[in-house]
Amino acid sequence: MRPNIVTEAGLQTRVGQWWESIPFLTSAVVVVCGVIYLVCLLIGYDSFYEICFLPTAVVSHFQVYRIYTSIFFHGSLLHVLFNMLALVPLGSELERIMGSIRLAYLIILLATTNAIFHLFIALLVAHNPFHPYQYLLDECAIGFSGILFSMIVIETSLSGVQSRSVFGLFNVPAKWYAFILLVAFQLLMTNVSLLGHLCGILSGFAYTYGLFNFLMPGASSFSAIEASSWLSSCVRRPKFILCTGGSPTSYIPTYSGQNTTSSGLLSGNIWRNLSSWMPQRETSAQAGQDFRFPGSGRALGSGQSETVPAVNSDSNLQARLLDNSNPNRSSHLGVTATREPPLDGRRSVVDNAVGATPGHPALHQDSAPSEEQIQKLVSMGFDKTQVEVAISAADGDLNVAVEILMSQQVCKSCIAYGSHD
């Protein structure tokens, strides 16, 4: 028998694996936009002037529905295909971090704030005393790209990367990435709404700087929505991700460090999605890889036998981490005599922070989290005290801090679920 058995996955299998890896809400948005485009194509509907975002119609006739109908309609096959292929990596990563319901609320919030910025700028330009410009008030904009630009800014902020790749040709500073894409699309494509994309960028920065914190409900509100009976059929679906960070059938994925390039628009993800559909030959050593979390990174919870120990281990770590943050109980903490070897670098960082005692300070105790880092995670709905402890334990790595906070929420949910049993 040959040691390396080569298998070949067909196109249908590759597409199925790719689709199953997309979380619930992201796949739902792709389906809705695709179905709407196909229906319009079959019935010959092209009166986009009736549903697009038109500032004059919103102001004069108060047609607020245009704010939300405009994001789901697209003008051509390339338009909807390009937007959805860009949404898949961006939406999937944000949904795994935030949860399905929280991301749905964020999309609605971004659509609303994009429209408000659009109206304000269009009115300001049209009625300025120096050179009135009426064109922006009569511009008819459709498509999901405004939300995508907001997601680019938010994902770039959460990833913590210092530079991003544009079309795979050159790297730019992460803070300028969205603006470079804005200029590139304006130069390469026709009939592109410059103002619509710019407002998406502004909304994304407003969210990352915490200006929308007062509009974001707490985690308890999202948990109450998830527990409602009318949403139970969605919550039970395998790809649904709870706002606490875990889904009923899978564990939150682990991401690599800051130096890796996260998913973003036109940074190689669209090509990877397309290439994943192609038949590929793989050895039997790769056959056991969990298709829900493709890639070379470590996938947690690929089976039921692996999920329970991982959750229990993270539960102990998070319990000790929270106890260490309490000054009244710091004298009762101690280092365990035996400890399992860390699974990776992140577990080492957490263990160093957990194993600290008053006489033996942690390795990274001198690195205090910055207010900007704390504000980014607090804007996602986490408790400020837990955020400070998590960032200190992660040595300033926001990705690791989010993983610690999400793992804690998963552990709490598992404990609560076990107590009911």
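At what angle do helix 8 and helix 9 pack, and how far apart are their axes? The close-ups below start there. This is a predicted model, in which local features need pLDDT of at least 70 and side-chain atom pairs count only at pLDDT 80 or more, while totals for chains, interfaces and linings use all residues. Residues are numbered from 1 along each chain as its sequence is written, and side-chain values use heavy atoms, with hydrogens and water left out.

**View 1. Helix 8 packs with helix 9 (residues 194–208).** The angle is about 175°, and the axes lie 10 Å apart. Here helices (H or I, at least four residues) and strands (E, at least two) are DSSP runs, numbered from the N terminus. Axes are lines fitted to C-alpha atoms, for helices over the stretch in contact, and angles run from 0 to 180 degrees between N-to-C directions. The two helices are therefore roughly antiparallel to each other (under 35 degrees counts as roughly parallel, over 145 as roughly antiparallel, 65 to 115 as roughly perpendicular and the rest as oblique). Look for A178, F179, L182 and Q186 of helix 8 in contact with L194, H197, L198, I201 and F205 of helix 9; contact means heavy atoms within 4.5 Å. By class, this contact has seven nonpolar, two polar and no charged residues (Ala, Val, Leu, Ile, Met, Phe, Trp, Tyr, Cys and Pro count as nonpolar, Asp, Glu, Lys and Arg as charged, and the others, Gly among them, as polar).

**View 2. Helix 7 (residues 145–159) packs with helix 8 (residues 177–188).** The angle is about 150° and the axes are 9 Å apart, which makes helix 7 roughly antiparallel to helix 8. From helix 7, F149, I152, V153 and T156 meet Y177, A178, L181, L182 and F185 in helix 8. The classes here are eight nonpolar, one polar and no charged residues.

**View 3. Helix 5 (residues 77–98) packs with helix 6.** Their axes are 7 Å apart at an angle of about 120°, so the two helices are oblique to each other. G91, L94, E95 and M98 of helix 5 touch S100, R102, L103 and L106 of helix 6. This contact has four nonpolar, two polar and two charged residues.

**View 4. C52 and C140 form a disulfide.** Their sulfur atoms are 1.7 Å apart; a disulfide is a pair of cysteine sulfur atoms within 2.5 Å. The torsion about the S-S bond is about -120°, so the disulfide is left-handed. The pair links distant parts of the chain, 88 residues apart: C52 sits in the loop between helix 2 (24–43) and helix 3 (55–61), and C140 in the loop between helix 6 (100–126) and helix 7.

**View 5. Strand 2 (residues 163–166) and strand 3 (residues 170–173) run antiparallel, joined by four bridges.** Two strands pair if DSSP finds at least two bridges between them. S165 stands opposite N171 in strand 3. The strands form a hairpin with three residues between them, and F167 in the turn has a positive phi of about 60°.
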